[in-house]
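Hi,

Here is the structure I promised to pass on. Please open it alongside this message; my notes follow below.

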Amino acid sequence: MDNIDNYIHLIEEISLNAWPSHKMELYDGWLIHFSYNYTHRTNCVNLVAPSTLPLEEKIAFCESEYLNAHTPAIFKISPFEPETFDTLLENQGYEKQHITDVLTMPLTSFHPYSSISAEYEFYQRNSGLPSFVAYPNNVLVQLCDTITDDWITSLFRLNGTTNPTHLRIVPSMFKAIPKQTIVARIEVDGRMVASGLGILDRNHIGLYAIYVEASCRRKHFGQAICSTIISEAMKLGASHAYLQVKANNHGARKLYERLGFQYLYTYWFRAKKLF
C-alpha cells in the first residue's frame with residue numbers, strides 16, 4: 001500500500017507541474033489556483049501539505065479569494081484527503097463535480113497502434129521528433145516540440161472555448177508549461193481535427209488535450225495521436241505513461257485500455273457558486 005500511495009503522490013505532483021494555472025497562491029499548505037474557471041484543475045484548491053489553521057477558517061479564506069475573482073470556490077479531493085473533509089464541504093453546500101479517473105501504464109505494457117512510416121525534416125528542428133508519422137487510411141500525425149499559437153487556436157475550436165477571458169489568458173498557461181512537450185495534430189483539408197499534448201517529467205509521459213472533432217471519430221485518430229506521443233516519448237527516455245479521463249467517458253476509457261492503460265485512482269472536485 002505504501003508503494004501505491006507513493007506512486008499516487010508522484011502522479012499528483014507531476015500532473016501539477018504539467019498544467020500551470022494563470023495565478024497561484026500558497027496558503028498554510030493549500031495551493032490555491034486561479035484561471036477564471038477555465039477548468040476545475042486550474043481553478044481549485046489543492047491540499048498539498050498539513051494544515052495548522054482551523055479548516056473552517058481556511059475554507060472561508062479560500063471562498064473570499066474566489067469571490068474576489070468572481071469564480072466558484074472549488075476544492076480538489078484526492079485519495080489523500082480524509083472523508084471527513086469531503087463531508088465538511090458537502091455539508092457547507094459544495095457539490096461533487098468532475099469525477100475523474102487516473103490511468104497509468106508501464107511502457108512495457110504499451111500496445112501501440114501500428115504506424116506505416118515516419119518522415120524527418122531537420123530544418124530549424126532540433127527535437128529529434130519526426131515531422132509526420134503515417135498510419136493506415138492516409139492518417140498523418142504531425143509533431144512539434146513547441147506549443148504554437150496556431151495549435152492553441154485550433155484546440156479552442158475543438159474543445160469549444162469561446163469565453164473572451166479564456167481566449168486571452170489560456171495561451172500563456174500553455175506556454176508556461178515548464179517541461180518538455182510533444183505536440184500532435186491531425187489535419188483534414190488544412191484544418192486541425194484531432195489534437196494531443198504529451199508532457200515529459202521524471203520518466204513519465206502525461207497525455208493531455210486529447211480531442212477529436214465529432215465528424216472524425218471512429219477513424220482511429222485518437223489512437224494514432226496517443227500512440228505517436230507515447231512512442232516518441234519512449235525514445236526520449238519515458239518508461240511510464242499517465243492520463244486523466246472523466247469517469248463517465250466510456251469511449252475514451254476503452255481507447256486508453258486498448259493502448260495498455262490501467263486504473264490507478266479516482267479524484268473529484270467539490271464546488272460552490274458564491275454569487
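Strands here are DSSP runs of E of at least two residues, numbered from the N terminus. On that count, Asn43 falls in the loop between β2 and β3 (45-47). Bear in mind that this is a predicted model.

**Two buried residues**

Asn43 has 1% relative accessibility, so it counts as buried.

Met173 sits in helix α5. Its relative accessibility is 1%, so Met173 is buried as well. With residues up to four places away again left out, Met173 touches Trp19, Pro20, Ser21, His22, Ser35, Tyr38 and Thr42. Look at Ser21 in particular.

**Helix packing**

How do α4 and α5 pack? Helix α4 (residues 149-159) meets helix α5 (residues 164-175) at an angle of about 130°, and the axes are 11 Å apart. That angle makes α4 oblique to α5. The crossing of α4 past α5 is right-handed. On the α4 side, the contact is made by Asp149, Trp151, Ile152, Leu155 and Phe156. On the α5 side, His166, Leu167, Val170, Pro171, Phe174 and Lys175 take part.

**Aromatic rings**

How many aromatic pairs does the structure hold? There are 13. Take Trp30 and Phe85: their ring centres are 5.8 Å apart and their planes stand at 70°, so this pair is edge-to-face. The cut-off for that class is over 60 degrees. The pair links distant parts of the chain, with Trp30 in strand β2 (residues 30-34) and Phe85 in helix α3 (residues 83-91), 55 residues apart. Both Trp30 and Phe85 are buried.

Ring pairs also join Trp19, Tyr38, Trp151 and Phe174 into a cluster. Two of these names came up above: Trp151 and Phe174 belong to the α4 and α5 contact. Trp19 and Tyr38 are touched by Met173.

**Lysines over rings**

Which lysines lie over ring faces? Lys58 lies over the face of Tyr27, at 5.8 Å from the ring centre. Lys96 lies over the face of Trp268, at 4.1 Å from the ring centre.

Best wishes

Technical notes
Residues numbered from 1 in each chain as written. Predicted model: local features only at pLDDT ≥ 70, side-chain atom pairs only at ≥ 80, totals over all residues. Heavy atoms only, no water. Phe/Tyr/Trp six-rings, centres within 6.5 Å; stacked < 30°, edge-to-face > 60°. Helix = DSSP H or I, 4+ residues; strand = E, 2+ residues; numbered from the N terminus. Buried < 20%, exposed > 50% of the residue type's maximum accessible area, 1.4 Å probe, protein only. Lys NZ or Arg CZ within 6 Å of the ring centre and 35° of its normal. Axes fitted to C-alpha atoms, helices over the stretch in contact; angles between N-to-C directions. Parallel < 35°, antiparallel > 145°, perpendicular 65-115°, else oblique. Left-handed = near helix turned anticlockwise from the far one by under 90°. Contact = heavy atoms within 4.5 Å.
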